[in-house]
Amino acid sequence: MASSGGNTAVIAALAANLTIALFKFVAWLLTQSSSMLAEAIHSVADSGNQVLLLVGGKRSKRQASAEHPFGFGRERYIYAFIVSIILFSVGGLFALYEAYEKFKDPHGIEGRWWWVPVAVLVGAMIAEGLSFRTAIHESNAVRGTTGWVQFVRRAKSPELPVILLEDLGALVGLFFALLGVCLTLLTGNGIFDALGTAMIGLLLVCIAIVLAIETKSLLLGESASRENVARIESAITASGTPIIHLKTLHLGPEEILVAAKIGISAGASGEQIASAIDEAEAGIRAAVPTATVIYLEPDIPRSGSAAAQATGTLPATESGQTTGNDGGVQQ
């Protein structure tokens, strides 16, 4: 997915959260509602998270160096992982702590400013709804027919899934806060305000855990999507070149490393081998433009694997038994 779409959603969410945080803090100062304080801290945490996503996107565009020959594409994954930690600690754990304090000393919302939390929360829901709509629009442009759960789990660019979960969590959290505040106003019992705060905290902890799991997988290194792997295989085998072994790895959201061992005839000359490698590389780049680093190693397939060669891919058990040197050819 293109980073520009993710940045649009990030900037929209940042603008919304900065504005909302200010109003929530004002409402908390006027009413001392724990739900409002939890929501204000939630918005501050989200704002910081969006800044981190923008910083990660900018730093990932640095040129490769001798120490980092494959570039800095994974910076975006690192900053997304930091976002999950902040959401868990600053957002979720703080809300749970605030709920605990309110449970020990529950008090209602009194005074002439009783209406402020309700007005702020309704306004915040409208603003978050607009931000969420932007994130959905940007996500629809890249997810195709993929379901939302699969999109969050399989997306290689972290920005849109993070913003989608944050905005969804913000809307649900605002509903919990509004429910707690309204029940407190109707009954005069501050326990409902504390309950709303606790529900916000549990929600943020759950979202943070989901984000941490998904970004950890990206940090460990995920292969290209099934669709891209299929395109790469088709590009190599289009000219009749069999694949002995193929591996892919995302160096960044829009950078894929392709490493393949391809079958070459036993009597092929050096010129024929180079031509086959060049043709395979050109086909891969045309089929998957994000395949930025390609290593192709020629080898002679074992005898007795004609059926596998006909399909273009040899069994994995044979790939480890082929002969040939360990050096690859980078194009």
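Which residues are buried in α8? In this predicted model, the buried residues of α8 are N228, V229, I232, A235 and I236. Around the helix axis these residues cover an arc of only 125°, so they lie on the same side of α8.

Two packed helices are described by the angle between their axes and the distance between the axes. Helix α4 takes in residues 115-143 and helix α6 takes in residues 159-187. The two pack at an angle of about 160°, and their axes are 9 Å apart. Angles over 145 degrees count as roughly antiparallel, so α4 is roughly antiparallel to α6. The crossing of α4 and α6 is left-handed.

These elements belong to a chain with eleven helices and four strands. The chain has 331 residues, of which 46% count as buried. Among the contacts in the chain with a separation of 6 or more, 75% are between residues 24 or more positions apart.

Definitions and conventions: Residues numbered from 1 in each chain as written. Predicted model: local features only at pLDDT ≥ 70, side-chain atom pairs only at ≥ 80, totals over all residues. Heavy atoms only, no water. Buried < 20%, exposed > 50% of the residue type's maximum accessible area, 1.4 Å probe, protein only. Arc of directions from axis to C-beta. Axes fitted to C-alpha atoms, helices over the stretch in contact; angles between N-to-C directions. Parallel < 35°, antiparallel > 145°, perpendicular 65-115°, else oblique. Left-handed = near helix turned anticlockwise from the far one by under 90°. Contact = heavy atoms within 4.5 Å.
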